Structure formats: structure tokens, C-alpha cells
Amino acid sequence: MKNMYLCTMMDKQISKLKGDYLRYLRLQRNMSENTLDAYARDLDKLLVFLDHQGIYPEKVELSDLQTFSAALHDIGIGPRSQCRILSGVRSFYRFMVLDGYMEADPTELLESPVLGEHLPEYLTTQEVDLLKDSIDLSKPEGHRNRAIIEVLFSCGLRVSELVNLTWSQVYADERYLRILGKGSKERLVPISKTALKEIENYLPWRRSLNIKPGEEDYVFLNRRGAHLTRTMILIMLKEQAEMAGIQKTISPHTLRHSFATALLEGGADLRVIQALLGHESIGTTEIYTHLSVQSLRDEILNHHPRNIMHSSQ
């Protein structure tokens, strides 16, 4: 009975600690519910590991975390996911120190796996047009799907920003969107005439819907009159890519990458692209310089006379 009581007390303490941490992320770091869920899942991996080892979270040492990191590798979690999980672990222990649970941060010398350079997939303007042209406009949601693709490509929105886009954020006459991004940070994003035209074409079908109470202000709705989810948009894009004969792996983020790459190749300043994407760090935006260089390299290899001559010999 005594052991069961101690286990129950330990469970309650860890549950309270986890609750305090997630509350800190929500209130102090302004994280969205989706981000909080991801942090909670990653923290659970650590807590389960520590429970099996019989270690309290506040008694953790660097060697314990190194064993945890090795265990992630052993169960087949990839380097990129390992980095994400360990980033969450560092965040958790920074909170532990800030809130007085610990005096020293055991993650200070914790190393993450080395990642190779990963260039995100992107579509050319021609491929985006192929994607849109593959949509069957005889289907009720056809014009809506064209509008979604064009807004993602023309404005570079995150998929979470698109599904939560409301009419009060759309300034059609001035041709810009007021976007509330990560950490509740607001930015203004120009919207093209093409994107506004696609939205206009979608409106007759939207007006025919039986819109659910509380959903009236959302721009993009499903057949049941409720706003879309990220999964719905992912499935739609994958289906359209297959129909368009596009072999690349497509996601909503692909169109965000395509937006940034098109701007850079058109001569836009990297700082401007950073502001439009809502990146906190210029380092995050710099990945598109690599994409642009890769594109230029391909053009040289395919079209420069020296390369053409070499390949024909």
C-alpha cells in the first residue's frame, strides 16, 4: 500500500510539473495549441523514459539525457525528429531552472545529431498552374481548391494561417492580408489580383452552404459549412499533384517554399522575404538562397553551350 501511495504521489507531482510547463509555454511563449500538443508529446517521451529508469525529472543529469538521446536513435527515430525532441527537452529544463525546480540546466552540454543539408521541395510557377488546371471545376469545391492553391502560392502562408484566415483579415481593395502568425505576431502580406479573382470565383458556392454558427467569418469552408483543417488541405494537394502528374512530394508547405523561391529568383531582397514569411530569424530564410543556387546550377548544366557540347560527346 505504501509503494502504491508513493507512486500515486509521484504521478501527481509529474502531472503538476507538466501542467505548469505547458502553461508557461502558452502564457510566456505565446505558443499555439498545435505547437503545445507537439511539445507535450515530445516531453511524454522523456517522462516515460525517466519513469522506466526510476529517475525524477528534477534529478536528471547530463549522462541520463545522453542515454535518452541514444535510445531515440535505437528505436528508429530519425536525426531531424531527434533534434526536435531534444530541443523540447532543452526548453523543459530551461523552464525547470527558471521556475526554481533546479539550480543548474543539465542540457547545457547536450549535443544533437548532426543533420545533412536538406533543401525543401518547391514547385515552379508552371507546376503550380498545372496543379490548379488539374482541378475539376464541375465539382462543388473546385473553385475553392483553386483559390486555396493560389493563396498559398501568392502569399506564402503557413497552412495554419490559411485555415484560420477570416474575412476581417482580408483587405481586398488595398490588396493585402493581415496575418496573425506564430507567437501571435502580426504581419501584412500583399495578395495578388489572381488570388483575389480565385476567391471571388469560389464565393457563389460558399454562399450556397449552410454555414455553422461561429464559422461565418472563416474564408475557406468545407461542404458542411465549417472551416477546413490542415489535414483536409494536405489530402487535397496530394490528390491534385497526382492528377497533374507532378512527381514531387507535395504538402501545403511546398507552396510556401515555392512562394519564397519565386521571390528570390525574381530578385527580391532576403529581408523582405523574411518579413513576408514571418520568420523570426534571417537564418531560417537563408535556406532559399541554397534553393536558388541549385536552380541556377540546373539551368547552367541544361542550357550552357559548354555543357551541351560535353554531354553530346
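**Exercise 1.** In this predicted model, in which sense do strand β1 (residues 170–171) and β2 pair, and over how many bridges?

*Solution.* Start with the two strands: β1 and β2 pair in the antiparallel sense, over 2 bridges. Next, look for residues that face each other: Y171 stands opposite Y176 in β2. Then follow the chain through the hairpin, where 4 residues lie between the strands. There you will meet R175, which takes a positive phi near 60°.

**Exercise 2.** Find the pairing of β2 with strand β3 (residues 186–190), then sort the side chains of β2 by face.

*Solution.* β2 and β3 pair in the antiparallel sense over 5 bridges. Within this pairing, R178 stands opposite L188 in β3. Now for the faces. In a regular strand, side chains alternate between the two faces of the sheet. Walk along β2 (residues 176–180): L177 and I179 point to one face and are buried.

**Exercise 3.** Are C83 and C155 buried or exposed?

*Solution.* Use the cut-off: buried means under 20% relative accessible area. C83 has 17% relative accessibility, so C83 counts as buried. C155 has a relative accessible area of 0%, so C155 is buried.

**Exercise 4.** Describe the lining of the second largest pocket.

*Solution.* Begin with the volume, about 360 Å³. Then count the lining: 19 residues, with E141, R144, N145, M236 and E239 nearest the centre. Sort them by class to get 8 nonpolar, 4 polar and 7 charged residues. Finally, ask where they come from: α9 gives the largest share, 7 residues.

Notes:
Residues numbered from 1 in each chain as written. Predicted model: local features only at pLDDT ≥ 70, side-chain atom pairs only at ≥ 80, totals over all residues. Heavy atoms only, no water. 1 Å grid on protein atoms, 1.4 Å probe; cavity = no way out; pocket = protein on both sides within 12 Å on 5 of 7 lines; lining within 4 Å. Points joined across faces, edges and corners; volume = space filled by probe spheres on them. Nonpolar A, V, L, I, M, F, W, Y, C, P; charged D, E, K, R; others polar. Buried < 20%, exposed > 50% of the residue type's maximum accessible area, 1.4 Å probe, protein only. Pairing = 2+ DSSP bridges.
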